[in-house]
Amino acid sequence: MANKITYNILVTGSAVWVRQGPGLQYKTIKLVYKGDKLVAHEKKGDWYKHDKGGWSCLYDNGDTILEISNVIEENETTQIKTEKVKKK
């Protein structure tokens, strides 16, 4: 069984699109706004599938619009590893 990874994300852009899939070719569903907190369990490249019903990208035109506050990794023996993500 693979490790379960949880990404805690803070929206730092004024408004960020939520899409049906991990890419610009997917239909937009709605917006999330600065200060919103997201929880994601899946990542593809710079895209995160989160609890607001879809996927959002970490960047927009080179600007960081989502901040990963920490990553929690839980393995099959239920040991938990939490990693704080440093700002660049």
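This is a predicted model: local features need pLDDT of at least 70, side-chain atom pairs count only at pLDDT 80 or more; totals for chains, interfaces and linings use all residues.
**The whole chain**

Show the protein as a cartoon, and you will find zero helices and ten strands, which follow one another along the sequence in the pattern β-β-β-β-β-β-β-β-β-β. If you then colour by accessibility, buried residues make up 31% of the 88 residues in the protein. Among the contacts with a separation of 6 or more, 47% are accounted for by residues 24 or more positions apart.

**The nonpolar core**

Select next Tyr-7, Ile-9, Tyr-48, Leu-66 and Ile-68, which are the residues with the most contacts inside the largest nonpolar core, a set of 14 residues. The elements that give two or more residues to this core are strand S1 (4-11), strand S2 (15-19), strand S4 (37-44) and strand S9 (66-74). In soluble globular proteins, nonpolar side chains tend to be buried together.

**Two hairpins in a row**

Move to S4 and follow the chain into strand S5, residues 47-50, where the two strands pair in the antiparallel sense over four bridges. Ala-40 stands opposite His-50 of S5, and the hairpin that S4 and S5 form has two residues between the strands, with Gly-45 in the turn showing a positive phi of about 65°.

Continue from S5 into strand S6, residues 54-57, and you meet another antiparallel pairing over four bridges. Here Trp-47 stands opposite Cys-57 in S6, while the hairpin of S5 and S6 has three residues between its strands, and Gly-53 in the turn has a positive phi of about 95°.

Now select Val-18, whose place is in strand S2. Is Val-18 buried or exposed? Val-18 counts as buried because its relative accessibility is 0%, which falls under the 20% limit for that class. With its surroundings displayed, and leaving aside residues up to four places away in sequence, Val-18 touches residues including Lys-27, Ile-29, Val-32, His-50, Gly-53 and Trp-55. His-50, already seen opposite Ala-40, lies 32 residues from Val-18 along the chain, and the C-alpha atoms of the two are separated by 9.0 Å.

**The second largest pocket**

Turn to the second largest pocket, which has a volume of about 200 Å³, and select its lining: Ala-15, Val-16, Trp-17, Arg-19, Leu-24, Trp-47, Cys-57, Tyr-59, Asp-60, Asn-61 and Ile-65. S2 and S7 each supply at least two residues of the lining, and the largest share, four residues, comes from S2.

**Asn-61, the last stop**

Asn-61 is exposed because its relative accessible area is 76%, which is over the 50% limit. The phi of Asn-61 is near 50°, a positive value in a residue other than glycine. Most residues other than glycine have a negative phi.

Terms used: Residues are numbered from 1 along each chain as its sequence is written. Side-chain values use heavy atoms; hydrogens and water are left out. Buried means under 20% relative accessible area, exposed over 50%, partly exposed in between (1.4 Å probe, protein chains only). A nonpolar core is a set of buried Ala, Val, Leu, Ile, Met, Phe, Trp, Tyr and Cys residues joined through side-chain atoms within 4.5 Å. Two strands pair if DSSP finds at least two bridges between them. Contact means heavy atoms within 4.5 Å. On a 1 Å grid over the protein atoms alone, a cavity is a set of points where a 1.4 Å probe fits but cannot get out, and a pocket is an open set with protein on both sides within 12 Å along at least five of seven lines; lining residues have an atom within 4 Å of a point. Grid points are joined across faces, edges and corners, and a volume is the space filled by probe spheres set on the points.
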